[in-house]
Amino acid sequence: DASGRVLQLKIEIETDTEHAATVDKKMASLRDSVILLASDYSYQELEGVDGKMRLKDDINARLNALLEPVRVRRVYFTEFVIQ
């Protein structure tokens, strides 16, 4: 039973240095978007590497849509805990 599980996720994003101010300005909406996206995933989907990679790809696509024309090159999980 996966009910009541909590995901603690920290990410870092890689983008061009000159876009750091743009990313900082939009941080609240970026965080909100990542939280909403991650909450759509089930425990079973995040259990394996494939699910984590799909989440990472989805986060990258979502952030690029929000930041356009700024491009996020990579998303890194710096913490990933499911309890």
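Of the 14 residues that form the largest nonpolar core, Leu55, Ile59, Leu63 and Leu67 touch the most other members, a nonpolar core being a set of buried Ala, Val, Leu, Ile, Met, Phe, Trp, Tyr and Cys residues joined through side-chain atoms within 4.5 Å. At least two residues of this core are supplied by each of α2, α4 (49-67) and β2 (72-82), where helices (H or I, at least four residues) and strands (E, at least two) are DSSP runs numbered from the N terminus. The model is predicted, so that local features need pLDDT of at least 70 and side-chain atom pairs count only at pLDDT 80 or more, whereas totals for chains, interfaces and linings use all residues. Residues are numbered from 1 along each chain as its sequence is written, and side-chain values use heavy atoms, with hydrogens and water left out.

When residues up to four places away in sequence are not counted, Leu55 touches Leu9, Leu37, Ala38, Tyr41, Leu46, Phe77 and Phe80, contact meaning heavy atoms within 4.5 Å. Asn64 lies in helix α4 and counts as buried because its relative accessibility is 7%, the term buried standing for under 20% relative accessible area, exposed for over 50% and partly exposed for values in between (1.4 Å probe, protein chains only). Apart from neighbours within four places in sequence, Asn64 is in contact with Val70, Arg71 and Val72.

The protein chain comprises four helices and two strands, which follow one another along the sequence in the pattern β-α-α-α-α-β. Buried residues make up 23% of its 83 residues, and among contacts between residues at least 6 apart in sequence, 70% join residues at least 24 apart. The C-alpha atoms fill a box of roughly 45 × 20 × 20 Å, taken along the principal axes.

The largest pocket holds about 630 Å³ of space; a pocket is, on a 1 Å grid over the protein atoms alone, an open set of points where a 1.4 Å probe fits, with protein on both sides within 12 Å along at least five of seven lines, and lining residues have an atom within 4 Å of a point. Grid points are joined across faces, edges and corners, and the volume is the space filled by probe spheres set on the points. Of the 21 residues that line the largest pocket, Leu9, Lys10, Val34, Ile35 and Ala38 lie nearest its centre. The largest share of this lining, seven residues, comes from α2, while β1 (7-15), α2 (27-39) and α3 (43-47) each supply at least two residues.
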